[in-house]
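This briefing goes through one protein chain, topic by topic. Keep the sequence and the model in view while reading.

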Amino acid sequence: MQCISTCTMRVLWNGEPTEKFYPSRGIRQGDPLSPYIFVACMERLSHLIEGAVNNGRWKPVLVARNGPSIHSLFFANDIVLFAEATPEQGQVIKECLDRFCIASGQKVSEAKSRVFFSRNTPSAAIVGICDTLSMAATEDLGKYLGIPVLNGRVTRVRFQYIINRIDRKLAGWKTRCLSLAGSRLCHGDH
């Protein structure tokens, strides 16, 4: 915490440094410590969730019948949480997130967050969970890292735009790097 709480900054104003000041928002994006601090914070959130799972309060989702259960996925700065679709579980999720936010100084972006429900979730439960979490429900998980997050059957049509993009990139690459005989290497390198 000393690395975060004791740092000072100066701004060059017309070529002259201003007086030192202390940032009030923590470290800035791009700071070399930022990824490590983020990972440490997410580890704490993971421990909070695992604690709630272990004491039976958080009910994770089964991946498959007789398969393992899953309660969370962390990737870069995105988190996907899985739980039984009941208002009580919504409250458990909120409590874990609130405890994490108080401890870390982070804040959940409710405007960017969405809740996805299976088709058989009762509408009263959907409303209750969304109200508890202050997040909107969604029927489309959209794309993640440019790939659709599917909530249905995988079809060629769903991925056609990706196939088209790859074909266009390969076509350009092939014309620059490959000969029809296959004897010439990229850019004439041997």
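In which helix is Q89 found? Q89 is found in helix α3, in a model that is predicted. The chain holds five helices and ten strands, and 18% of its 190 residues count as buried. Among contacts between residues at least 6 apart in sequence, 34% join residues at least 24 apart.

- Q89 is buried, because its relative accessible area is 4% and the cut-off for buried is under 20%.
- Leaving out residues up to four places away in sequence, Q89 touches R57, W58, K59, A83 and E84.

**The largest nonpolar core**

- The largest nonpolar core has 20 residues, and those that touch the most other members are L45, W58, I93, F100, V115 and L133.
- Two or more residues of this core come from each of α2 (34–54), α3 (87–104) and α4 (123–133).
- In soluble globular proteins, nonpolar side chains tend to be buried together.
- L45 is one of the core residues named above, and its contacts, not counting residues up to four places away in sequence, are F74, I79, C96, L97 and F100.

**α2 against α3**

- The axes of α2 and α3 cross at roughly 145° and come within 10 Å.
- This crossing of α2 and α3 is right-handed.
- On the α2 side the contact residues are C41, M42, R44, L45, L48, I49 and A52, and on the α3 side they are V92, C96, L97, R99, F100 and S104.

**α3 against α4**

- The axes of α3 and α4 are 8 Å apart, and the two helices pack at an angle of about 15°.
- That angle makes α3 roughly parallel to α4, because angles under 35 degrees count as roughly parallel.
- α3 passes α4 in a right-handed crossing.
- From α3, the residues P87, G90, Q91, I93 and K94 meet A125, I129, T132 and L133 of α4.

**The buried side of α4**

- Which residues of α4 are buried? They are A125, G128, I129, C130, T132 and L133.
- An α-helix has 3.6 residues a turn, so residues three or four places apart point the same way.
- The buried residues of α4 pack against α3, β7 (114–116) and β8 (136–138).

**T132 in α4**

- T132 is found in helix α4.
- Is T132 buried or exposed? T132 is buried, because its relative accessible area is 18% and buried means under 20%.
- The T132 side chain reaches the backbone oxygen of G128 at 2.8 Å.
- Apart from neighbours within four places in sequence, T132 is in contact with G90, Q91 and K94.

**Positive phi values**

- Most residues other than glycine have a negative phi.
- S134 lies in the loop between α4 and β8.
- S134 is partly exposed, with a relative accessible area of 40%.
- N14 also has a positive phi, near 55°, and is a residue other than glycine.
- Where is N14 placed? N14 is in the loop between β1 (12–13) and β2 (16–17).
- N14 is exposed, because its relative accessible area is 72% and exposed means over 50%.

**R158 in α5**

- R158 has its place in helix α5 (residues 156–177).
- R158 is partly exposed, with a relative accessible area of 35%.
- Eleven residues separate R158 and I147 along the chain, and their C-alpha atoms are 9.9 Å apart.

Definitions and conventions:
Residues numbered from 1 in each chain as written. Predicted model: local features only at pLDDT ≥ 70, side-chain atom pairs only at ≥ 80, totals over all residues. Heavy atoms only, no water. Core = buried A, V, L, I, M, F, W, Y, C linked by side-chain atoms within 4.5 Å. Buried < 20%, exposed > 50% of the residue type's maximum accessible area, 1.4 Å probe, protein only. Helix = DSSP H or I, 4+ residues; strand = E, 2+ residues; numbered from the N terminus. Contact = heavy atoms within 4.5 Å. Polar contact = N/O pair within 3.5 Å; in protein donor to acceptor, adjacent residues only side chain to side chain. Axes fitted to C-alpha atoms, helices over the stretch in contact; angles between N-to-C directions. Parallel < 35°, antiparallel > 145°, perpendicular 65-115°, else oblique. Left-handed = near helix turned anticlockwise from the far one by under 90°.
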